[in-house]
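Please look over the sequence and the model before reading the points below.

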Amino acid sequence: MNKNYKYYILIFALSALCFFFIFKGVSLITNNSIEKQLKALNYNKQTIELIIDYDLTNYLIENDIYSKTLEVALLEGNYIADNLTDYIYFEYKNYDKYIEHLNGLKAIGYRNDEINHIFEHLNQNEIDQIIDQTGIIPNLTNYITDQYFDINNLERYILYKNDNTNYSYEKVINYVNMNLDYNFYEKIEKTKNPDSNIVIVNKYYYLDKDFIPKNLQSFGTKYAINNDIKATKPVIDAFIAIANDAKSINLTIKVVSGYRSYDSQEAVYKRYVDRDGEEKANTYSAKPGHSEHQTGLALDIYNTVLSFSNFEKTVEYAWVKNNAHRYGFIVRYPLNKEDITGYKYEPWHIRYVGEEIATYIYENNITFDEYYAKFLK
Ligand SMILES: [Zn+2]
């Protein structure tokens, strides 16, 4: 009995050992075959271990899936199970924070089509800023797909769109980039490169009190109503060219006002405010420092018969309007652009910006304010 007992124990132990080796063998064979299949899909050894650990084997093999994005997520330790199908959907982009960005955007709740636009239109820093926002930005795609989108203005776009729901996204971006979400004179800054032909001076950008343009010269009485009228040299040259060409077809244009100092603008503006009140004066006269006339690049012109304020009625204006750009001038405060320029229509006020920019502005029927926000800011 005692002997038999030992015998059974031995049989049992041997059997257990056998089963263990059979099982181990089968499992080794299975694992070997899994590794082979994953390897065939193009996963490397390290990734295969992680795939097995995360129990993704069957899914990947059955659906015949290789995903570089998934592979990197696993290897980086940034794999999130909920995002499995997203890793497979999104083609890998080769930069360090890609998986972090993908996980971050998913966590906020952006849809995959939105995430596609984000990756297509925003750089890495901009994506960081989108992820740093508290929560999802409704209609984000409509903002970021606009070519003039500026991430620094994002919050202002959203607020401005909320206040102006009938405006298109394009208009919202265009207007905010011009600072039109602020009232005129509400948020002002000193303009850059005041001596350049492309300087902007308007109700948001000003010139220093003591700024005087270089190269100021007199027009002389052949081209201006008196000898005191000045502008910068390129403006005088361009005006002489346009005035001579006008003359050759029996049209006369002459300058009534050119460069104006800060102090003289201050006097002019004060006179208008005293007469009409500030609100009305602001529609046609600039606060000192905000006048284009201080740049030496702006001219008020007339035809020597009617006063400049009637210039619109003259044949000279009809010609100037369609030809000034060829000499580098634009009509600076056009009709129906009052909400952008902050000034009522001023057919007599022309501004020198150079031929190329003047031609673009003329052909596209935009203002210099828009041109500046789009191309020069
Ligand atoms: Zn003027």
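The model is predicted. The chain contains 18 helices and 8 strands. Its radius of gyration is 36 Å, well over the 21 Å that the globule rule gives for 377 residues, so the chain is more spread out than a compact globule.

**Overall form**

- The C-alpha trace of the chain spans about 140 × 40 × 35 Å along its principal axes.
- Among the 377 residues of the chain, 34% count as buried.
- Of the contacts in the chain with a separation of 6 or more, 57% are accounted for by residues 24 or more positions apart.

**Domains**

- The domain assignment of the chain gives domain 1, covering residues 137-177, and domain 2, covering residues 189-376.
- The centres of domain 1 and domain 2, taken over C-alpha atoms, are separated by 31 Å.

**Strands S7 and S8**

- Strand S7 comprises residues 329-333, and strand S8 comprises residues 346-352.
- Is strand S7 mostly covered or mostly uncovered? Strand S7 is mostly covered, as 5 of its 5 residues are buried.
- How many bridges join S7 to strand S8? There are 4 bridges between S7 and S8, and the two strands run antiparallel.
- Within this pairing, Val331 stands opposite Ile350 in S8.

Technical notes:
Residues are numbered from 1 along each chain as its sequence is written. This is a predicted model: local features need pLDDT of at least 70, side-chain atom pairs count only at pLDDT 80 or more; totals for chains, interfaces and linings use all residues. The radius of gyration is taken over C-alpha atoms; the globule rule is 2.2 Å times the number of residues to the power 0.38. A residue is buried if 20 or more other C-beta atoms lie within 10 Å of its own, exposed if 12 or fewer, and partly exposed in between; C-beta atoms are placed from the backbone. Two residues are in contact if their C-beta atoms, placed from the backbone, lie within 7 Å. Domain bounds come from an automatic or database domain assignment. Two strands pair if DSSP finds at least two bridges between them.
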